[in-house]
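Here is a short report for a reader new to this structure. Look at the sequence and the model, then read on.

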Amino acid sequence: MIDVVETTSTWRRLSPRMLVIHPFQEVVRAAPALLGLLVAGTSSGGQGQWWSIGGVGLMVVLGMLRWFTTTYRITPEHVQVRRGLLTRKVVTVPRDRVRTVDVTSHVLHRVLGLARVEVGTGTSERRREGRLKLDALSAAEAARLRVELLHRSPVAASTASTASAASAAEISVTPPAGSMPAAETELARMRPEWVRFGPFTMSGLVTVGVVAGFVSRLVSEGNVDLGRVGPIQETWRWFSAMSLLLEIATVVLVLVVFVSVASTLGYVLAFGNFRLTRHAEGTLHVTRGLLTTRATTIEERRLRGVEVSEPLLLRAVRGARLSAVTTGLRAAQGAQRGGSLLLPPAPRAAAVSVARLVLPRVADAASDSSASGASPVTVGLTAHGPAALRRRFTRAYGVHALVLAALVALWLWAGLPSWTWLTAAALLPLTALLAADRYRSLGHALTSGYLVTRWGSFSRRRVALECDGVIGWNVERSFFQRRAGLVTLTATTAAGKQGYQVRDVDLAEALRLAAAGTSGLLDPFLVEEQHISPVG
Amino acid sequence: MDTPTLRSPQHRVSRTAVWYWAARAALGWLVLLAAQVVWLVADGDGDAWPVATHVTALVVTAVVAVAHVTVMPQWRYRVHRWEATSAAVFTQSGWFKQEWRIAPVSRIQTVDSERGPLEQIFRLANVTVTTASAAGPIKVSGLDRDTAQRLVADLTATAQATAGDAT
């Protein structure tokens, strides 16, 4: 099945079907301008439309050139991509540096049976050259490439691909049983009832933005006068007849309904068919998406921890999201962007149990002693004390006071309506709630080989980072932190966001934590101080 | 109860660094002062601003500049410290925002030494130690050239001795 000898050293091209995709994509992107042309006809408007059509043509030609200039090959040691028209460039990645493989198919790709492959490497992650992107290969080729790159021994690889071919047949849902060789174990799968978390993801806000952008481009580039469209006129007349309060209520209601519907739709499209499986060769495999399908493979020995994120709304309905902290993947951004997602917004309990299955040390500990209390995702955290609490309040109220002062000044000298600063003043109690919640979120712990830190209110995150993955420590304190006796401790790591902070923690506690996290590293630099006072 | 606290790293940077920092700061201020003088000359009639305002601004800038150029290097010299053992690199920096950085030698990826034109005049060099984490580079500036060379040699030798890719 995998013929390594055959695949060496010949340069291969991307799928020729990409030649169809490029023109189509560009046309879709220019849709508002083209639509405008159709609606308004060629007589009205200026030269603008012709310019944008010329631009579309240029982009199509450039896209096609990309196909002719890009080739790739896989040798026993390296993955290489050659690209560029004027400056030829060869990107070479050693195969043993491949950490993750991400296979994405957009709708159009799927219609034509294509998939985009992105190869993530560990060390050069922040420098752009470290990433390899092949846009796009045939779906079969992409799947083959994934197996080839991550499952190194060709024998194991071929069994793996047979296993995944037969994976439609369900395999047990229990944690990895040693008795089942070269198979995949399902760790989690989408449940229909999770859709209830959809409205709380707020991903619909993006849709609102996209729709607004489309409409505004239609108006400006297509010269469409919205005021002349019948239904819109009617609605506007009905709307302006209402009182101000009712108007606000209507707008809020419409927005809430629209965002909820769009968010739910987005949730279903992005996370439908979600599956998280573990392959016996030591990889985690995430597949998801109804229209755009995405398959991410993460090498398990590169997994350095997990991040549980609970945005405020999701937290209110006891939901949480789980993502991987691993080398070779961009840190997760937003609800669905990052390839490091391990579980979409789901009940907190589900996130906790998946985290337990995924974190290697915890899984071992649980199977050894069946004691399940010490999971880094559930363990109780050490609070940061009254000084940190005071700091949360001073910071929250400091910002609020600045905003208030600015609004009052604008009201006094620039004629800003008075309700702006009155509203800001009325929100003062909410700031207290925010500060208190931000303090409640703050916490840290060190349990079964993991450093755990949690922070944030609007977007509360809890990161469990393997101590072996901690490279070094940065201890920072600003002038104000120094007066409060606090520091911010950053554990630097090659995984995820590269550094994870324990914010506003007592200096002595920070040092104790760092010393315990990396044994021996700090000892030569520590001294005991008899009296408790911040050093000068 | 005894509480652990960080001691300062052992070594200070080169004494010459004080002059280097002062020279660098002075150059920056000279550019600003020159710009102000040019403006004063160009605006000779005092159309935009009265001459008195120009002169006041000039004097204020000069006073701040002198204060910065004299105080900052001394202060920085007192707070910038570094230390490299066979196990770890440890630095301290900052005066308004203090920072300590610790990285184990076994996790070092690259050791760079750099000399800018101004640093060359003062026979200084800086050393940057990077790890696999983008959040963890450690920079020691204002070392004299020999110390910097020795530090680079030591660190590379120890780092090479450890196996693995240090992620």
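## Salt bridges and ground rules

Over all chains, the structure holds 20 salt bridges. A salt bridge here is a side-chain nitrogen of Lys or Arg within 4 Å of a carboxyl oxygen of Asp or Glu. Side chains of opposite charge can pair when their charged atoms come close.

This is a predicted model, in which local features need pLDDT of at least 70, side-chain atom pairs count only at pLDDT 80 or more, and totals for chains, interfaces and linings use all residues. Residues are numbered from 1 along each chain as its sequence is written, chains are lettered from A and ligands numbered from 1 in the order in which they are written, and side-chain values use heavy atoms, with hydrogens and water left out.

## A salt bridge within a helix

A:R144 and A:E141 form a salt bridge, with their closest N and O atoms 3.5 Å apart. Both belong to helix α6 of chain A (residues 139-150); because they are 3 residues apart in that helix, about one helical turn separates them. Helices (H or I, at least four residues) and strands (E, at least two) are DSSP runs, numbered from the N terminus.

Strand β2 (residues 71-74) of chain A pairs with strand β3 (residues 78-83) of chain A. The sense is antiparallel, over 4 bridges. Two strands count as paired if DSSP finds at least two bridges between them. In β3(A), A:V79 is the bridge partner of A:I74.

The hairpin of β3(A) and β4(A) has 5 residues between the strands. In that hairpin, A:G84 takes a positive phi near 105°.

## The seven-stranded sheet of chain A

Chain A has an open sheet of 7 strands with antiparallel pairing. The order is β7-β6-β5-β11-β10-β9-β8. At the edges are β7 (132-138) and β8 (184-189) of chain A, and each pairs on one side only. The twist averages 20° from one strand to the next. Such angles are taken between axes, which are lines fitted to C-alpha atoms (for helices over the stretch in contact), and run from 0 to 180 degrees between N-to-C directions.

Strand β6 (residues 114-121) of chain A meets β7(A) in the antiparallel sense, over 5 bridges. A:V117 has A:L134 as its bridge partner in β7(A).

## The three-stranded sheet of chain B

Chain B has an open sheet of 3 strands, ordered β6-β7-β8, with antiparallel pairing. β6 (108-114) and β8 (138-144) of chain B stand at the edges with a single partner strand each, so one side of each has no neighbour in the sheet. Neighbouring strands of this sheet are turned by 20° against each other on average, direction ignored.

β6(B) is joined by 6 bridges to strand β7 (residues 124-131) of chain B, and the two run antiparallel. B:E114 stands opposite B:N126 in β7(B). Helix α4 (residues 145-161) of chain B lies across β6, β7 and β8 of chain B, at about 140° to β8(B).

## Where the chains meet

How many residues does the contact take from each chain? It takes 33 residues from chain B and 40 residues from chain A. Contact means heavy atoms within 4.5 Å. About 3,400 Å² is buried between chain B and chain A, and carbon and sulfur atoms give 57% of it. Buried area is the accessible area (1.4 Å probe) that two parts lose on being put together, summed over both.

The interface of chain B and chain A has 1 salt bridge by the rule. The side chains of B:K97 and A:E476 meet in a salt bridge (3.7 Å, N to O). On the side of chain B that touches chain A, β1 (3-6), β4 (88-93) and β5 (98-104) of chain B each supply at least two residues. β5(B) gives the most to that side, with 7 residues. Strand β18 (residues 470-477) of chain A runs antiparallel to β5(B), joined by 5 bridges. A:R477 has B:Q98 as its bridge partner in β5(B).
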